[in-house]
Amino acid sequence: METVLVVLGVAAICGTALWLWHLARDSRQGRLMIVALWGVLLAMSLIAGEPWVLVMGGATVMMGLWVYATWRWW
């Protein structure tokens, strides 16, 4: 059951973050707010404990891979 939670949670969090990122495409302040909210979610998952740490850890890795794949500035 934990696996299902992690898979669905990662997909929901990453999908929502990408959708919000698209909506804020012309707003630097909006994008900074999305990054700040990601940090808040990460901190809340560390406080909440076991399954949520896995969800946010997986989501952070997936978003890191997305950033690596789409923004190759190096």
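**Pocket.** Which residues line the largest pocket? Before listing them I noted that this is a predicted model. I found Ala17, Leu18, Trp21, Ile34, Val35, Trp38, Thr60, Met63, Gly64, Trp66, Val67 and Trp71 in the lining. Helix 1 (2-23), helix 2 (28-48) and helix 3 (50-70) are the elements that give two or more residues to it. Helix 3 supplies the largest share, with 5 residues. I then looked up the volume of the largest pocket, which is about 260 Å³. Sorting the lining by class gave me 10 nonpolar residues, 2 polar ones and no charged ones.

**Whole chain.** Next I stepped back to the overall layout. The protein has 3 helices and 0 strands, and I wrote the order from the N terminus as α-α-α. Along its principal axes, the C-alpha trace spans about 40 × 20 × 20 Å. For contacts with a separation of 6 or more, I noted that 56% join residues 24 or more positions apart.

**Surface and burial.** The accessible surface came out at about 5,500 Å², and carbon and sulfur atoms hold 74% of that surface. Of the 74 residues in the protein, 20% are buried.

**Core.** I went looking for the largest nonpolar core and found 9 residues in it: Val6, Val10, Cys14, Ala17, Trp38, Val55, Met56, Ala59 and Met63. The elements that give two or more residues to this core are helix 1 and helix 3. Comparing my lists, I see Ala17, Trp38 and Met63 both in this core and in the lining of the largest pocket.

**Met56.** Leaving aside neighbours within four places in sequence, Met56 is in contact with Ile13, Trp38, Leu41, Leu42 and Ser45. Trp38 from that list is also a core member.

**Leu42.** Is Leu42 buried, partly exposed or exposed? I put it down as partly exposed, because its relative accessibility is 32% and that class runs between 20% and 50%. Not counting residues up to four places away in sequence, Leu42 touches Met56 and Thr60. Last, I checked Leu42 against Trp52: they are 10 residues apart in sequence, and their C-alpha atoms are 8.9 Å apart in space.

Technical notes. Residues numbered from 1 in each chain as written. Predicted model: local features only at pLDDT ≥ 70, side-chain atom pairs only at ≥ 80, totals over all residues. Heavy atoms only, no water. 1 Å grid on protein atoms, 1.4 Å probe; cavity = no way out; pocket = protein on both sides within 12 Å on 5 of 7 lines; lining within 4 Å. Points joined across faces, edges and corners; volume = space filled by probe spheres on them. Helix = DSSP H or I, 4+ residues; strand = E, 2+ residues; numbered from the N terminus. Nonpolar A, V, L, I, M, F, W, Y, C, P; charged D, E, K, R; others polar. Buried < 20%, exposed > 50% of the residue type's maximum accessible area, 1.4 Å probe, protein only. Contact = heavy atoms within 4.5 Å. Core = buried A, V, L, I, M, F, W, Y, C linked by side-chain atoms within 4.5 Å. Areas by Shrake-Rupley, 256 points an atom, 1.4 Å probe, with all protein chains shown as cover.
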